[in-house]
Amino acid sequence: AEGQIGNVLRPGMVLLKKYLSLADQVKIVRACRALGLGSGGFYQPGYRDGAKLHLKMMCLGINWDPETGNYGDLRPIDRAVPPGIPREFFQLVEKVIKDSHSLVQLKTKVSHVEHILPSMKPNICIVNFYSASGRLGLHQDKDESPESLHKGLPVISFSIGDAAEFLYGDQREVDKAEMVELESGDVLVFGGSSRLIFHGVTAIKQKTAPGSLLEETNLRPGRLNLTFREY
Ligand code: AKG
């Protein structure tokens with residue numbers, strides 16, 4: 001759409017600012033709330049390799065267990081089957097990939113944009129909710145299949161609600177990382193040679209969610225984050 005800003009942060013890493021419309025954000029909040037209250041919905045997960053999970057989580061499509069890093073058909077803590085990924089989510093992801101490709105093409109003039117940023121068809125969506133004190137230590141997303149990682153199939157992340165300080169870099173060290181703010185409606189894509197970047201959330205910025213979103217959804221203070229991946 002017009003007036004949108006897209007930035008290539010690194011090869012294969014794209015930030016689409018204010019990409020999701022208010023209507024899309026409202027739809028996503030409502031869908032996640034409904035799914036989050038049902039079987040396989042939001043819970044407080046344990047720990048993974050030093051990165052404490054100060055957030056609530058649910059998985060759609062396939063379960064990902066932060067304690068073991070394993071994907072599976074059931075959630076070990078309660079044997080719940082993860083709900084399916086809603087149809088509208090797939091459509092948004094498809095559009096994100098298309099628009100990210102256009103941006104990479106425009107900025108780099110490469111002949112095969114897929115070499116820089118491969119396409120993917122998500123079969124997992126991990127939904128995180130960060131309250132005001134929520135955060136997530138620097139980590140790599142590397143529990144997907146060896147083929148998926150080898151091909152650099154991207155992780156696509158939607159941010160909704162309060163803004164976050166998002167850190168990323170080549171190493172786990174916080175002081176060596178770069179920071180971007182992820183605001184409501186922003187979409188971040190990292191694939192290709194950026195697929196295994198370290199990343200995390202250091203802080204949630206209180207009272208930064210758009211007023212219109214809060215009015216329409218009654219979203220509680222905090223940040224909703226959805227990451228799509230292909231196992
Ligand atoms: C993850 O789920 O692996 C994340 O790193 C989420 C990052 C975010 O909340 O923006």
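View 1. Strands (E, at least two residues) and helices (H or I, at least four) are DSSP runs, numbered from the N terminus. Residue numbers start from 1 along each chain as its sequence is written. The model is predicted: local features need pLDDT of at least 70, side-chain atom pairs count only at pLDDT 80 or more, and totals for chains, interfaces and linings use all residues.

View 2. Cys59 sits in strand S5 (residues 56-60). Cys59 is buried, because 23 other C-beta atoms lie within 10 Å. The cut-offs for other C-beta atoms within 10 Å are 20 or more for buried, 12 or fewer for exposed, and in between for partly exposed, with C-beta atoms placed from the backbone. Leaving out residues up to four places away in sequence, Cys59 touches Trp64, Pro82, Ile124 and Ile126. Contact requires C-beta atoms, placed from the backbone, within 7 Å. His150 is 91 residues from Cys59 along the chain, and their C-alpha atoms are separated by 23 Å.

**View 3. The two sides of helix H2.** H2 (residues 87-108) has 22 residues. From first C-alpha to last, H2 reaches 32 Å, close to the 32 Å expected at 1.5 Å a residue. That expected span is 1.5 Å times one less than the number of residues. Phe89, Leu92, Val93, Val96, Ile97, Ser100, Leu103 and Val104 are the buried residues of H2. Down the axis they fall within an arc of 140 degrees, so they line one face of the helix. The arc is taken over directions from the helix axis to the C-beta atoms. Turned away from that buried side are the exposed residues Arg87, Glu88, Gln91, Lys98, Ser102 and Leu106.

View 4. Lys109 follows H2, in the loop between H2 and helix H3 (113-116). Its phi is positive, near 55 degrees, in a residue other than glycine. Lys109 is exposed, with 8 other C-beta atoms within 10 Å. Lys18, also not a glycine, has a positive phi of about 50 degrees. Lys18 lies in the loop between strand S2 (13-17) and helix H1 (22-37). Lys18 counts as partly exposed, with 16 C-beta neighbours inside 10 Å.

Note on methods
Contact = placed C-beta atoms within 7 Å.
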